[in-house]
Amino acid sequence: MKLDRLLAIVMLLLSRGRVTARDLAQRFEVSDRTIYRDIEAINRAGIPVVSRAGITGGYEIMEGFRLDRQYLSLKELRSIVTALKGVRYTLDDPDLDVLLAKVDAIAGKAEHGGFKATGAANPFVIHPNAWQTSSWDRDKFAQLRSAIQDFKCVRMTYMNAGGLLSDRVVEPISLVLKGYVWYLYAFCRLREDGRIFRLSRIKQLTILPNPFAPRGDSLEELDARWAFQDELRLVSLVLHFSERVRVRVEDHFEPAEIEGQSDGSLLVRVHYPEDSWLYGMLLSYGPDVRVLEPFHITSILKEKAQRIANLYQ
């Protein structure tokens, strides 16, 4: 508790400037003598806190003190703020507001203490959410985060990639953002193994009352297993795109995978797991893509396209 109080005093001095010992004592519900000892401890730690006498007196951090000498640079602090704001956009957590205010206060003090800020105030922003996020998505995040923190099992209805629903009871481990998609890493009691669940496919969710004992499953192990499963399903594709979809192709594929043709069309060589997502992605290009390799995928796409056409006959 003393360490927490010392850190809170430093944050308060950074954000508010001059504060009296009596204000600090009342805020932290300790005696004036305890505050005097805390200030001495902060000074011994290398943060110069000075005392100003008079009616407007109090404690403040010495003007011009540069935090970068012993702690973090302004650039590093701004990176922390950017990452925290990205998490704040997703998680409706008031604790993150407090943490952001503290780090912002340190960054502001560092900037006025000798750093020279250059460029835009917000050179880039991390915003993992889509343009519109439903209240169900926010509730899902909040419930899963609470279950992870409290080691509570979760009962959920989950839809797999094939559209089949199943009831699961899982021991949640972590929420992970990959690309633009959020996943729940958990131990699935139905499969008796670690699993990765896409949050958008969780249809119903209930936190169970009884806590579970963590099994020690690591995110790295689940990631490695998932990557290995994907490698087993990889196919080598050669795709020919028309010039009309050049912008979309360049948005979707890496430059090294794209080869421009003399007529303006594009040849793409890429490796993807063969699944329903791959078929859907290729069909989304309509007549502007032709699969040159492998041949069996052309047959699958032709059959799917024919079934679509039959719907409108």
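User: Which residues touch the most other members of the largest nonpolar core?

Analyst: This is a predicted model: local features need pLDDT of at least 70 and side-chain atom pairs pLDDT 80 or more, while totals for chains, interfaces and linings use all residues. Residues are numbered from 1 along each chain as its sequence is written, and side-chain values use heavy atoms, leaving out hydrogens and water. A nonpolar core is a set of buried Ala, Val, Leu, Ile, Met, Phe, Trp, Tyr and Cys residues joined through side-chain atoms within 4.5 Å; buried means under 20% relative accessible area, exposed over 50%, partly exposed in between, with a 1.4 Å probe and protein chains only. The largest core has 21 residues, and those touching the most other members are L239, F241, V249 and F253.

User: Which elements each supply at least two residues of this core?

Analyst: Elements are DSSP runs numbered from the N terminus: helices are H or I with at least four residues, strands are E with at least two. Contributions of at least two residues each come from strand 8, strand 10, helix 9, strand 11 and helix 10.

User: Which residues are in contact with F253, leaving aside neighbours within four places in sequence?

Analyst: Contact means heavy atoms within 4.5 Å. F253 is one of the residues touching the most other core members. Its contacts beyond the sequence neighbours are L239, F241, I258, V268, V270, Y272, M281 and Y285.

User: Is V289 buried or exposed?

Analyst: V289 sits in strand 11. Beyond four places in sequence, V289 touches L239, H240, F241 and L282. Its relative accessibility is 14%, so V289 counts as buried.

User: Which residue of strand 10 stands opposite L234?

Analyst: Strand 8 (residues 234-241) and strand 10 (residues 266-273) run antiparallel, joined by eight bridges. Opposite L234 stands P273.

User: How far apart in sequence are the parts tied together by Y158 and F197?

Analyst: Rings of Phe, Tyr and Trp (its six-membered ring) pair if their centres lie within 6.5 Å; planes under 30 degrees apart are stacked, over 60 edge-to-face, the rest tilted. There are seven aromatic pairs in the structure. In this one the centres are 5.0 Å apart and the planes at 80°, so the pair is edge-to-face. Y158 lies in strand 3 (residues 152-159) and F197 in strand 6, so the parts tied together are separated in sequence by 39 residues.

User: What kind of pair do Y272 and W277 form?

Analyst: Their ring centres lie 5.4 Å apart. The planes are at 80°, so the pair is edge-to-face.

User: Which residue lies over the face of Y285?

Analyst: Y285 belongs to one aromatic cluster with F241, F253, Y272 and W277. A charge sits over a ring if NZ of Lys or CZ of Arg is within 6 Å of the ring centre and within 35 degrees of the ring normal. At 3.8 Å from the ring centre of Y285 lies R248.

User: Which strands are the edge strands of the five-strand sheet?

Analyst: This open sheet is ordered 6-5-4-3-7, with antiparallel pairing. Two strands pair on one side only: strand 6 (193-198) and strand 7 (202-211).

User: Which turn residue of the hairpin of strand 1 and strand 2 has a positive phi?

Analyst: Strand 1 (residues 49-52) runs antiparallel to strand 2, with four bridges. Five residues lie between the strands. The positive phi, about 105°, belongs to G54.

Terms used. Two strands pair if DSSP finds at least two bridges between them.
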